[in-house]
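The exercises below are meant for a reader who is new to this structure. Each one sets a task and then works through the solution step by step.

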Amino acid sequence: MSNAAKTESLREYTQGWYDKMIEIWRDRMDALGVYATGDLRRSLQKGGFLITDTGGSLSFKYLEYGIYVDLGVGNGYSHGNSGDLEFLDPVYRHEHRLGKKRQKKPWFNKSWYISTMVLKDKLADMAGEEFAGLFDNLTQRERG
């Protein structure tokens, strides 16, 4: 296979992975009930995509507060507090009618980790096949 064909194969696989990430994140949001206004779900977009024979870059865009939703933090959490977040205390929450504390809704990190491991493994397989092909070429030249 030529270098151009290998690069195209890599680009096609990576493009499919890139396209699938938005779908995976939206499905996770739906399954976890992350839809108060729908703004976060609608904000998920592909950023940039560039794959060459020497490297690549992929990016995504979404509203920043999506990370706070993923981690179960947000209002009331601030830098520099003493670490005693009384609004997390069940008694305090009951007395002030605050309802249940925020729960993690891991729409991003878990999916990102699993998906990048799949991509890493596929890229390693592709690189391994190319490396093995180099040795095949060497042994064929030695025989000829």
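**Exercise 1.** Is tyrosine 68 buried, partly exposed or exposed?

*Solution.* The model is predicted, so local features need pLDDT of at least 70 and side-chain atom pairs count only at pLDDT 80 or more, while totals for chains, interfaces and linings use all residues. Residues are numbered from 1 along each chain as its sequence is written, and side-chain values use heavy atoms, with hydrogens and water left out.

Step 1. Set the classes: buried means under 20% relative accessible area, exposed over 50%, and partly exposed in between (1.4 Å probe, protein chains only).

Step 2. Tyrosine 68 has a relative accessible area of 38%, so this residue is partly exposed.

Step 3. Helices (H or I, at least four residues) and strands (E, at least two) are DSSP runs, numbered from the N terminus.

Step 4. Tyr68 also belongs to a nonpolar surface patch with Leu63 and Tyr65, and together they have about 260 Å² of accessible area. Such a patch is made of residues with over 30% relative accessible area and no salt bridge, with nonpolar side chains (Val, Leu, Ile, Met, Phe, Trp, Tyr) joined within 5 Å and like charges within 9 Å. Accessible areas come from the Shrake-Rupley method with a 1.4 Å probe; for residues, only the protein chains shown count as cover.

**Exercise 2.** Describe the protein chain as a whole.

*Solution.* Step 1. The protein chain has 5 helices and 2 strands. Read from the N terminus, its elements follow the order α-α-β-β-α-α-α.

Step 1. Of the 144 residues in the protein chain, 20% are buried.

Step 2. The accessible surface of the protein chain is about 10400 Å², and carbon and sulfur atoms account for 53% of this area.

Step 3. Contact means heavy atoms within 4.5 Å. Among contacts between residues at least 6 apart in sequence, 65% join residues at least 24 apart.

**Exercise 3.** Which residues does threonine 14 touch, not counting residues up to four places away in sequence?

*Solution.* Step 1. Threonine 14 is part of helix α1, residues 3-32.

Step 1. With a relative accessible area of 3%, threonine 14 is buried.

Step 2. Beyond four places in sequence, threonine 14 touches Phe49, Ile51, Leu58, Leu119 and Leu123.

Step 3. For isoleucine 51, the separation from threonine 14 is 37 residues in sequence and 8.1 Å in space, C-alpha to C-alpha.

Step 4. Valine 118, in helix α5 (residues 109-143), is 101 residues from tryptophan 17 along the chain, and their C-alpha atoms are separated by 9.2 Å. Valine 118 is partly exposed, at 44% relative accessible area.

**Exercise 4.** How many salt bridges does the structure hold?

*Solution.* Step 1. Side chains of opposite charge can pair when their charged atoms come close. A salt bridge is counted when a side-chain nitrogen of Lys or Arg is within 4 Å of a carboxyl oxygen of Asp or Glu.

Step 1. The structure holds 6 salt bridges.

Step 2. One of them links arginine 11 with glutamate 8, at 3.0 Å from N to O. These residues are 3 apart in helix α1, which means a separation of about one helical turn.

Step 3. Glutamate 23 and lysine 20 also form a salt bridge, at 2.9 Å from N to O. Glutamate 23 is partly exposed at 41%, and lysine 20 is partly exposed at 40%.

Step 4. A further salt bridge joins aspartate 121 and lysine 120, at 3.5 Å from N to O.

**Exercise 5.** Which helix gives the most to the lining of the second largest pocket?

*Solution.* Step 1. On a 1 Å grid over the protein atoms alone, a pocket is an open set of points where a 1.4 Å probe fits, with protein on both sides within 12 Å along at least five of seven lines; lining residues have an atom within 4 Å of a point.

Step 1. The lining of the second largest pocket includes Gly33, Tyr35, Asp39, Tyr65 and Lys105.

Step 2. Helices α2 (39-43) and α3 each supply at least two lining residues. Helix α2 gives the most, with 3 residues.

Step 3. Serine 43 is also in helix α2 and counts as buried at 13% relative accessibility.
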